[in-house]
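Here is a short briefing on one protein chain. Keep the structure open while you read, and find each residue as it comes up.

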Amino acid sequence: MERIAVDMDGVLADTMEQFFRFDERDFGKRKSLDEVTGKSEAIAFPLAKEYVRTKDFFRTAPVMKESQSILSELNKRYEVFIVSAATEFPQSLFEKHEWLNEHFPFIQWQQMVFCGLKTVIDADIMIDDHFKNLDYFKKNTILFSQPHNLLQDPGRHRRANSWKEIADMLLVAKS
């Protein structure tokens, strides 16, 4: 059975929407997608570093559309691991664990990998929204589209703009 490593923030958890919400709360106006496209979260949202250290930032992040049903199907056909560089924000460990248990109850604790650098991860496929996590990875990679990577050429990575596109790549092709 092939193994898939799935990033959490920006792939399963809609942390971009969470940034939009926090920023709008603090500045009174919601930024447009055009205003943040091509910019890192830290540049697009001036208080981003504060937000990710705020209690419940990760715990209350919305779920990415269609991710629950598609990941559930992937979990039946692949060995799935959720991989998050959670130790960068130690308070997020418990929040991320609780979030996964609530929104992805079919993912067992043994399938959750909270780490620092993702270079230690060995899988056949990695799905992530950051080049820094995909570029070193030797096997198949899927770049999940987020505003910060939209203007960049995916290079050797296959780009997925939605979970439906991931299903087309990994479920339809495997049927």
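With a relative accessibility of 33%, E24 counts as partly exposed. The model is predicted.

**Salt bridges**

- E24 forms a salt bridge with R30, and their closest N and O atoms are 3.9 Å apart.
- R30 counts as partly exposed, at 34% relative accessibility.
- Both residues belong to a network of salt bridges that links E17, R21, E24 and R30.
- R25 and D26 form a salt bridge too, with the closest N and O atoms 2.9 Å apart.
- R25 has 52% relative accessibility, so it counts as exposed, the cut-off being over 50%.
- D26 is partly exposed, with a relative accessible area of 34%.
- D23 and K31 meet through their side chains in a salt bridge of 3.8 Å, N to O.
- Is D23 buried or exposed? D23 has 2% relative accessibility, so it counts as buried, which means under 20%.
- The whole structure holds 16 salt bridges.

**T15 in helix α1**

- Helix α1 covers residues 15-27, and T15 lies in it.
- T15 counts as buried because its relative accessibility is 7%, and buried means under 20%.
- Which residues does T15 touch, not counting those up to four places away in sequence? They are D9, G10 and F57.
- A polar atom of the T15 side chain lies 3.3 Å from the backbone nitrogen of G10.

**The sheet**

- In what order do the 6 strands of the open sheet stand? The order is β3-β2-β1-β4-β5-β6, and the pairing is parallel.
- β3 and β6 (158-160) stand at the edges, each with a single partner strand, so one side of each has no neighbour in the sheet.
- From one strand to the next, the twist averages 25°.
- Strand β1 (residues 3-7) pairs with β2 in the parallel sense over 5 bridges.
- β1 also pairs with strand β4 (residues 125-128) in the parallel sense, over 3 bridges.
- In β4, I127 stands opposite V6.

- Strand β2 (residues 79-84) is mostly covered, with 5 of its 6 residues buried.
- V83 in β2 stands opposite D7.
- V83 also has a bridge partner in β3, namely V113.
- The chain runs from β2 through helix α6 (residues 92-103) to β3, and this β-α-β crossover is right-handed.
- β2 and strand β3 (residues 112-114) pair in the parallel sense over 3 bridges.
- Helix α5 (residues 67-77) lies across β1 and β2 and runs at about 125° to β2.

**Helix α8**

- Helix α8 (residues 163-172) lies across β1, β4, β5 (140-144) and β6, at about 135° to β6.
- Which residues of α8 are buried? They are W163, I166, A167, M169, L170 and L171.
- An α-helix has 3.6 residues a turn, so residues three or four places apart point the same way.
- The buried residues of α8 pack against β1, α5, β4, β5 and β6.
- S162 caps the N-terminal end of α8, with a side-chain oxygen 3.3 Å from the backbone nitrogen of K164.

Notes:
Residues numbered from 1 in each chain as written. Predicted model: local features only at pLDDT ≥ 70, side-chain atom pairs only at ≥ 80, totals over all residues. Heavy atoms only, no water. Buried < 20%, exposed > 50% of the residue type's maximum accessible area, 1.4 Å probe, protein only. Helix = DSSP H or I, 4+ residues; strand = E, 2+ residues; numbered from the N terminus. Pairing = 2+ DSSP bridges. Right-handed = clockwise from strand over helix to strand, strands pointing away. Axes fitted to C-alpha atoms, helices over the stretch in contact; angles between N-to-C directions. Contact = heavy atoms within 4.5 Å. Polar contact = N/O pair within 3.5 Å; in protein donor to acceptor, adjacent residues only side chain to side chain. Salt bridge = Lys/Arg side-chain N within 4 Å of Asp/Glu carboxyl O.
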